Amino acid sequence: VTHSIPACIGSMTINGKQVDKESPVSIFAVNKCYETVQDGTFFDGSGFAALVREGYKVRSDVNITLEFRTTAVHGVLLGVSSAKVDAIGLEIVHGKVLFHVNNGAGRITATYEPRGTNSLCDGKWHKLQANKSKHRISLIIDGNLVHTDNPYIQSTSADTNNPIYVGGYPADVKQNCLTSKSSFRGCLRNLVLTKGQHTELFDFSRAFDLRGVFPHSCPGAEH
């Protein structure tokens, strides 16, 4: 067995002596334990998950679905960029959800603005669907649809070739379709990207870089 156990371990004794967990010599990817746990991946607000090391190609069409739960009114959800201007980005800014797309001609944004600033940041699960179909983009939050006009109808393909960054991104990485640098704090689950007939469910434990992200356990209530 070469991988870690997704579990809580307590009250360990070796040769009858209690092991002191409070002051370890070193610690790596060990989080608190929670009395109640839900399915999902916990983002502690300090980092990100990086998926698809070889680069994800958005091109003309992509449909992104995920569920999020947070009490913070700012946070990066997802970004895929290129070295040039082409990119897509999903973020929470002032309690609104923004979906940005740049197919090379300019950035366009679909904005979902809830009735109250905190109504999406209430610690409950919310469903998000972001769709890019050539030059058209739309955003559905909890069944409410927002779409936006795109003046750049000739420009249809976002030629990205960088990894998918979820929940934040490294300081030295350029993201052309994100305005926020705030890492997401909260829980994400069921991240699915669909292109045509190809649907991919992303497992955060398979990310090639994880910082401040704890797959497969989401605190129901922190203790």
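## The cavity lining

Seven nonpolar residues, no polar ones and one charged residue make up the lining of the largest cavity (Ala, Val, Leu, Ile, Met, Phe, Trp, Tyr, Cys and Pro count as nonpolar, Asp, Glu, Lys and Arg as charged, the others, Gly among them, as polar). This is a predicted model, where local features need pLDDT of at least 70 and side-chain atom pairs pLDDT 80 or more, while totals for chains, interfaces and linings use all residues. Residues are numbered from 1 along each chain as its sequence is written, and side-chain values use heavy atoms, leaving out hydrogens and water.

The residues in question are Leu66, Leu77, Leu78, Val166, Leu188, Arg189, Leu191 and Phe204. Strands S6 (75–81) and S14 (185–195) are the elements giving two or more residues to this lining, and S14 gives the most, with three. Strands here are DSSP runs of E, at least two residues, numbered from the N terminus.

## Cavity volume

The largest cavity has a volume of about 40 Å³ (the space filled by probe spheres set on the grid points, which are joined across faces, edges and corners). A cavity is a set of points on a 1 Å grid over the protein atoms alone where a 1.4 Å probe fits but cannot get out, and lining residues have an atom within 4 Å of a point.

## Around Gln129

Over in strand S10 (residues 126–133) sits Gln129. Its side chain makes a polar contact with the side chain of Asn63 (3.1 Å); such a contact is a pair of N or O atoms within 3.5 Å, one able to donate a hydrogen and the other to accept it, and residues adjacent in sequence count only if both atoms are side-chain atoms.

Key: Helices (H or I, at least four residues) and strands (E, at least two) are DSSP runs, numbered from the N terminus. On a 1 Å grid over the protein atoms alone, a cavity is a set of points where a 1.4 Å probe fits but cannot get out, and a pocket is an open set with protein on both sides within 12 Å along at least five of seven lines; lining residues have an atom within 4 Å of a point.
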